[in-house]
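Please view the sequence and the model together before reading the points below.

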Amino acid sequence: MAIPRDARITLDPEEIPKRWYNLAADLPEIKPPLNPVTKEPAKPQDFEAIFCKPIIQQEASTERYIDIPEEVRDNLVALNRPSPLQRAYRLERYLKTPAKIYFKREDTSPLGSHKGNTALAQAYYNAESGIHTLTTETGAGQWGTALAMVSNLFDIDTTVFMVKGSYNQKPFRKTLMHMYGAEVYASPSEYTEFGKKILKEHPDTTGSLGIAISEACELAMKDEGTCYALGSVLNHVMLHQTVIGEEAMLQMQKAEITPDYMIACVGGGSNFAGFTFPMMHEKIKGRSETEIIAVEPKAAPSLTEGEFRYDYGDTAGVTPLLMMYTLGSEFIPKSIHAGGLRYHGMSPLVSAAYDQNLLTAVAYDQTETFEAGVTFAKTEGIVAAPESCHAIKAAIDKALECKATGEEKTIVFCLSGHGFLDLYGYDQYLEGTMQSSSIDN
């Protein structure tokens, strides 16, 4: 099958966005985070124990657009930005669908995922603030990998608490982070007081992102020269990731693509927000009717089965309480291969948008998503991260709906990362030994 030359829609480096888009400017009645002790609206100083001041300012900002520092923007080129928007012709043909399927390729980054977009910004602002060490959590390892690498660009040390389930499933992620100079601990660990507490109470636990966040925050609180960096959930992370969506909007404009659906996987929210928030702005302004779909795992279905209420972002209860969809801060999901989606809650901005009907959500079992990932690999030749397979599954389902109805709709999804370090999961799927990930099983 000959693939048309317009299969990839690219941009020039000078077309990397110069501003981040802040959805907080356009969502009414967003409820503020609460101080974990007083339960009163959090003040900027309440965040100073873990974040540097520029990050705190961005977290509270309601400016619609915030300029990207030139040093950050220059380094985005090294992460293969702008990333291409590619048409999945082979997948369309395999499905025999009249739908057009496009995907935004965050897998082309040398770091393997979209996580470098905010890692660069956070490392830059912390270095400017005189911080010498960053602590963080990581699920499947994409975020820890990204922060470990970019910290070298700003002469910052990095300590990573990796969720134990993923630490054991994905040993080469640990190797990669070590190559980049980071210290890596399986969470819960013996390295923090909270980690020791959890291990004493639950010695066989596979851990969770909430526990890993608590451990990372504990270290940050002990040293003025150490700050916490996180790869998802909070507003400033959503902000930094909008380079993805701003690029996609320009690419779709140039190629005269009007999407009927925009789809992305969602755990804490960074990939989903980065890809969809610029289009969500168009929906709010009445200029788009695109259906925006968040795809989550049945192991941690915070949007589809959680409650919209205040909850802690971590398990220890040291972070501010966030108004979000949550399964409860003590909820520990099953150990799934899509470790980056194993979070009990959801970004407050994504949660508010969901509550205001700006998006829909669907949840899948990991056996379904790996099936979609194998189909994608066979047709497009790309091995997707287990997280990204959730978006692929939803895109395939929509394409098959079009096949059934004969509608020629346009589907655009975000391929958040590659799966070259996730082959153990694919091997389990192919051997038929993969377990269901649903919380009901």
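The model is predicted. Its four-stranded open sheet has parallel pairing and the strand order S8-S7-S6-S9.

- The 4 strands of the open sheet are arranged in the order S8-S7-S6-S9, with parallel pairing.
- Strand S8 (183–187) and strand S9 (226–228) are the edge strands, and each of them pairs on one side only.
- From one strand to the next, the twist averages 20 degrees.

**Strand pairings**

- Strand S6 (residues 133–138) pairs with S9 in the parallel sense, over 3 bridges.
- Within that region, Thr 135 has Tyr 228 in S9 as its bridge partner.
- S6 is also joined to S7 by 6 bridges, and these two strands run parallel.
- Glu 137 has Phe 161 of S7 standing opposite.
- S7 pairs in turn with S8, again in the parallel sense, over 5 bridges.
- Thr 159 finds its bridge partner in S8, namely Glu 183.
- Strand S7 is mostly covered, with 6 of its 7 residues buried.

**Helices beside the sheet**

- Helix H9 (residues 209–221) lies across S6, S7 (157–163), S8 and S9. The direction of H9 is at about 170 degrees to S6.
- A right-handed β-α-β unit is made by S6, H5 and S7.

- Which residues of helix H7 (residues 171–179) are buried? They are Arg 173, Leu 176 and Met 177.
- The buried residues of H7 are covered by elements including S6, helix H5 (142–151), S7 and S8.
- Phe 172 and Met 179 are exposed, and they are carried on the face of H7 turned away from its buried side.
- After H7 comes Gly 181, which has a positive phi near 95 degrees.

**The packing of H5 and H7**

- The axes of H5 and H7 come within 8 Å and cross at roughly 10 degrees.
- Angles under 35 degrees count as roughly parallel, and H5 and H7 are therefore roughly parallel to each other.
- On the H5 side, the contact is made by Gln 142, Gly 144, Thr 145 and Ala 148. On the H7 side, Arg 173, Leu 176 and Met 177 take part in the contact, and these three are the buried residues of H7.

**A loop residue, Glu 48**

- Glu 48 is located in the loop between strand S2 (19–21) and helix H1 (53–60).
- Glu 48 counts as partly exposed because its relative accessibility is 42%.
- Leaving aside residues up to four places away in sequence, Glu 48 touches Lys 53 and Ile 56.
- Glu 48 and Asn 357 are 309 residues apart along the chain, and their C-alpha atoms are separated by 34 Å.

How values were computed: Residues are numbered from 1 along each chain as its sequence is written. This is a predicted model: local features need pLDDT of at least 70, side-chain atom pairs count only at pLDDT 80 or more; totals for chains, interfaces and linings use all residues. Side-chain values use heavy atoms; hydrogens and water are left out. Two strands pair if DSSP finds at least two bridges between them. Axes are lines fitted to C-alpha atoms, for helices over the stretch in contact, and angles run from 0 to 180 degrees between N-to-C directions. Contact means heavy atoms within 4.5 Å. Buried means under 20% relative accessible area, exposed over 50%, partly exposed in between (1.4 Å probe, protein chains only). A crossover is right-handed if, with the strands pointing away from the viewer, the path from the first strand over the helix to the second runs clockwise. Angles under 35 degrees count as roughly parallel, over 145 as roughly antiparallel, 65 to 115 as roughly perpendicular and the rest as oblique.
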